[in-house]
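Reader: I am new to this structure and would like to learn how to read it. Could you walk me through it, one feature at a time?

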Amino acid sequence: MSEPKARCVAPALNEWRRLLLRVIAIAALIAGFAYPAQAHSLGEVDAMLQSDEKYFQTLDRPAPDFTLRTDDGRVLRLVDLRGKVVILHFIYTSCPDVCPLHAEKIAEIQKMVNGTPMKGQVTFVTITTDPVRDTPDVLRNYGPAHGLDPVNWLFLTTTAGQPEDATRKLAEAFGHKFALTDGGYQMHGTVTHVIDKQGHWRANFHGLNFAAVNLVTFVNALTNNVERPHHEKETGWWAKIKGMF
């Protein structure tokens, strides 16, 4: 009778250890210390999120390129954001339901990121799929109205000469459609995309029910370039904490 019980205890103990380590990592993030994630490879973070976050999708491919325009008329390409982790999503400002909620979710994530040393390493990008109605003034006012901080947030639209559906086609390149309806609304999914410092598309977080801290944890790994092989020796206080278990 004791042998089956031992089989049950070991997985439970491992789960407890993993949960405790994650709680410590989250506490460190909230306290403003982005560096503990250096002790994890990106693969470990991927595995943790795939286990704990059902709305997380890991990827590793070049992000679809774009040339778009900011609300002040500057032309911006994806390559211009190299060296930053990019959190990107698509909305249109006259959307009556999901888009405002999505913007507020991004604002929640931005607030968490900007409370840490990651602030200068992350850019939040919103792209409109309705460039005709979303004029520069509309773009400028939308983010702050939903809690987004312009300090590291951009709202992009089409450039002069681009077709009206250019950003909807870009959304399709990122894997989801914004389909026009007769009433002027757009049927669409809700996805938050994460692009690394080298312009590689590394993750999707689907819908609005994912835990914001899980996306922040993933971004934290990317900002610290944690892709070192597992055989490299870990040092510092995080390694000491892990050694206790």
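**Reading the model step by step**

Author: Let's begin with helix 5 (residues 166–173), whose buried residues are Ala-166, Thr-167, Arg-168, Leu-170 and Ala-171. Buried means under 20% relative accessible area, exposed means over 50%, and partly exposed lies in between, with a 1.4 Å probe and protein chains only. Helices (H or I, at least four residues) and strands (E, at least two) are DSSP runs, numbered from the N terminus. This is a predicted model, in which local features need pLDDT of at least 70 and side-chain atom pairs count only at pLDDT 80 or more, while totals for chains, interfaces and linings use all residues. Residues are numbered from 1 along each chain as its sequence is written, and side-chain values use heavy atoms, with hydrogens and water left out.

Reader: What covers the buried residues of helix 5?

Author: To read cover, look for contact, which means heavy atoms within 4.5 Å. The cover here includes strand 2 (67–69), strand 4 (85–91), strand 5 (122–128), strand 7 (178–180) and strand 8 (186–188). Just after helix 5, Gly-175 takes a positive phi of about 105°.

Reader: Where does His-176 lie? Is His-176 buried or exposed?

Author: His-176 sits in the loop between helix 5 and strand 7. Its relative accessibility is 9%, so His-176 counts as buried. Leaving out residues up to four places away in sequence, His-176 touches Phe-90, Ala-171, Gly-189, Val-191 and His-193. His-176 and His-188 are 12 residues apart in sequence, with 7.1 Å between their C-alpha atoms.

Reader: What does His-193 contact?

Author: First place it: His-193 belongs to strand 9 (residues 191–195). His-193 counts as buried, at 0% relative accessibility. Apart from neighbours within four places in sequence, the contacts of His-193 are Val-86, Ile-87, Leu-88, Phe-90, Phe-174, His-176, Trp-201, Ala-203 and Asn-204. His-193 and Leu-88 are 105 residues apart along the chain, yet 5.1 Å separates their C-alpha atoms.

Reader: Which residues does Phe-178 touch?

Author: Phe-178 is part of strand 7, and is buried with a relative accessible area of 5%. Not counting residues up to four places away in sequence, Phe-178 touches Phe-90, Ile-91, Tyr-92, Thr-129, Arg-168, Ala-171, Gln-186, Met-187, His-188 and Gly-189. Between the C-alpha atoms of Phe-178 and Phe-90, 88 residues apart along the chain, the distance is 9.0 Å.

Reader: And in which strand is Leu-156 found?

Author: Leu-156 is in strand 6 (residues 153–156). With a relative accessible area of 0%, Leu-156 is buried. Beyond residues up to four places away in sequence, Leu-156 touches several residues, including Phe-66, Leu-68, Val-125 and Ile-127.

Reader: How many aromatic pairs are there?

Author: Rings of Phe, Tyr and Trp (its six-membered ring) pair if their centres lie within 6.5 Å; planes under 30 degrees apart count as stacked, over 60 as edge-to-face and the rest as tilted. A search of the whole structure gives nine aromatic pairs. In one of them, the rings of Trp-153 and Phe-155 have centres 5.6 Å apart and planes at 55°, so this pair is tilted. Trp-153 and Phe-155 are both buried. One aromatic cluster is formed by Phe-56, Phe-205, Phe-210 and Phe-218.

Reader: Which residue lies over the face of Phe-210?

Author: A charge sits over a ring if NZ of Lys or CZ of Arg is within 6 Å of the ring centre and within 35 degrees of the ring normal. Lys-105 lies over the face of Phe-210, at 4.7 Å from the ring centre. Likewise, Arg-61 lies over the face of Trp-201, at 5.2 Å from the ring centre.

Reader: At what angle do helix 2 and helix 6 pack?

Author: Packed helices are described by the angle between their axes and the distance between the axes. Axes are lines fitted to C-alpha atoms, for helices over the stretch in contact, and angles run from 0 to 180 degrees between N-to-C directions. Helix 2 (residues 42–52) and helix 6 (residues 212–223) pack at about 170°, with axes 10 Å apart. Angles under 35 degrees count as roughly parallel, over 145 as roughly antiparallel, 65 to 115 as roughly perpendicular and the rest as oblique. Helix 2 and helix 6 are therefore roughly antiparallel to each other.
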